[in-house]
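Dear colleague,

Please find the structure below, handed over for your records.

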Amino acid sequence: APRSVAQVCGSIRAYLRFLHVTNRLRSDLASSVIAPRCRVMERPPRALPWSDVRAILGSVDRGTGLGRRDYALLLTMAAYGLGAAEARALRLDDVDWAANEIRVRRPKTGLVVVLPLLSAVAQALAAYLRSGRPKHATARAVFVQMQAPYGAYASSSIVRYVLVKHARAAGIAAPILGGHTLRHSHATRQVDLGAPMKVVGDILGHRSPKTTSTYARVSLRRLRRLALPIPC
């Protein structure tokens, strides 16, 4: 991919500069390495159709503690557009049951967004916390590992593993399933349903409207309204 080639070229340039600075090369050859040009947001986010998201959620066996955790995790991510890092950072204190609110911390900006605690998410979290989350877990994170020492997720790869496992069980063969797949799917659905871009950006914690505008490129329903008629 062009971005992968560009990253390799950047590493080669850095190495050549190092060789020149340390007098191992007489000339600085870094400028001779030509990398492909990569434009910002040249490709739209990889989002799943909402029917696929529902199929993934439906494939989770909620009869076990592990299944209740996975279901609560995936539903919370899909309902609020959380990335893997945001789901990992969710703490027990962030769920305000009395006020029916949930606080989400955006890791890139440090912004804390207060959102309404949706009924379906509240039920899933309650089922997991009551009869799924290990009783001996001491971590304040909402989602923890099911084996001792029952700690918080060490990396976002665990969240990706949970998503891929249940996507395969649901027969979803998407080319790429990552920690931001449900976040992109949530944003695309909101734009498709006609939610104002400002509202979508505020929920996702975007500072710039340009960041949110990329989801308009994958909103097929709204793009169809802009299509010009084919001349006969």
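Phe18 is partly exposed, with a relative accessibility of 42%; buried means under 20% relative accessible area, exposed over 50% and partly exposed in between (1.4 Å probe, protein chains only). The model is predicted, so local features need pLDDT of at least 70 and side-chain atom pairs count only at pLDDT 80 or more, while totals for chains, interfaces and linings use all residues. Residues are numbered from 1 along each chain as its sequence is written, and side-chain values use heavy atoms, leaving out hydrogens and water.

There are two aromatic pairs, where rings of Phe, Tyr and Trp (its six-membered ring) pair if their centres lie within 6.5 Å, and planes under 30 degrees apart count as stacked, over 60 as edge-to-face and the rest as tilted. Tyr15 and Phe18 are stacked, because their ring centres are 6.4 Å apart and their planes lie at 25 degrees. Tyr128 and Phe143 also form a stacked pair, with centres 5.7 Å apart and planes at 20 degrees. Both Tyr128 and Phe143 are buried.

The charged end of Arg62 sits over the ring of Tyr71, 4.0 Å from its centre (CZ of Arg or NZ of Lys within 6 Å of the ring centre and within 35 degrees of the ring normal).

The lining of the largest cavity comprises Leu82, Glu86, Ala89, Leu90, Asp94, Arg103, Val104 and Arg105. A cavity is a set of points on a 1 Å grid over the protein atoms alone where a 1.4 Å probe fits but cannot get out, and lining residues have an atom within 4 Å of a point.

Kind regards

Methods. 1 Å grid on protein atoms, 1.4 Å probe; cavity = no way out; pocket = protein on both sides within 12 Å on 5 of 7 lines; lining within 4 Å.
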